Amino acid sequence: MELTKEQIQYIDHRLENEGVKYWDIRIEILDHVVSDVEKRMDNEESFDDAIKNSFIFLGHNGNFDDLLKSRQKLYQRLNNKSFLKEFKLFFTSFKSVFSYMLIILICYLFQDERLIIKILIASSLSAFTLVTVFSLVHSKKVFKSASLLANFNFLSISLTLLNCFIFFPRVFMDIDKLPNEYLALVVVIIYPFFYVSYINFFKGYKKINASYLKLIKE
């Protein structure tokens with residue numbers, strides 16, 4: 001028995017009310033529940049009983065907390081694999097390798113020019129700033145998506161790495177002014193992480209956005 005649009009929306013609202021706040025996880029669960037409810041109704045279960053039994057089959061015990069935790073861990077693992085794949089691609093793609101060599105060359109030639117090194121660091125930070133602003137503008141998609149939130153966290157880790165390089169010597173080694181050569185080395189080290197995190201985020205967004213557009217049309 002095929003469910004009506006109103007019945008599917010009812011299940012979707014039930015899932016949201018049960019705490020399934022991430023829409024990408026909700027799409028996945030909704031697809032499973034709809035198929036399961038249709039099969040159960042073919043076996044002469046009522047619509048309400050079919051939903052109840054389908055929820056129980058998924059591990060519902062007043063909430064979907066356990067299921068949500070397992071799906072979030074899965075998305076994190078998938079994102080880890082995606083990040084590692086992009087990181088390997090960074091060192092094999094002509095475009096990314098060329099840009100990296102250019103950064104290294106600039107750092108080498110202008111390591112005595114503190115302003116240029118600061119501009120390069122600021123450029124790396126601009127990637128995080130751009131993604132943050134983009135995420136705030138599209139907050140319903142990004143911060144309510146388990147997959148995109150995992151991607152965003154990777155970029156945050158890159159920022160944390162930069163902060164460690166900048167503040168560790170000042171806090172623990174009492175170095176007030178970091179040498180230009182050190183800052184140039186920091187740029188060379190952090191550039192791949194910001195580059196890969198940036199690319200990985202927008203590739204993930206492009207993929208997940210298709211699912212979001214499908215969701216809001218239904």
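User: Which residues of H5 are called buried, and what makes them so?

Analyst: This is a predicted model, where local features need pLDDT of at least 70, side-chain atom pairs count only at pLDDT 80 or more, and totals for chains, interfaces and linings use all residues. Residues are numbered from 1 along each chain as its sequence is written, and side-chain values use heavy atoms, with hydrogens and water left out. The buried residues of H5 are Ser96, Ser99, Tyr100, Ile103 and Cys107. Buried means under 20% relative accessible area, exposed over 50%, and partly exposed in between (1.4 Å probe, protein chains only).

User: How do you know on which side of H5 they lie?

Analyst: They cover an arc of only 100° around the axis, so they lie on the same side of H5. The arc is that of the directions from the helix axis to the C-beta atoms. On the other side of H5, Phe94, Phe98, Tyr108 and Leu109 are exposed.

User: What span should helix H5 have?

Analyst: Helix H5 has 16 residues, 94-109. The expected span is 1.5 Å times one less than the number of residues. That gives 22 Å, and the end C-alpha atoms are 22 Å apart, so the two agree.

User: How many helices and strands does the protein chain have?

Analyst: The chain has nine helices and zero strands. Helices (H or I, at least four residues) and strands (E, at least two) are DSSP runs, numbered from the N terminus.
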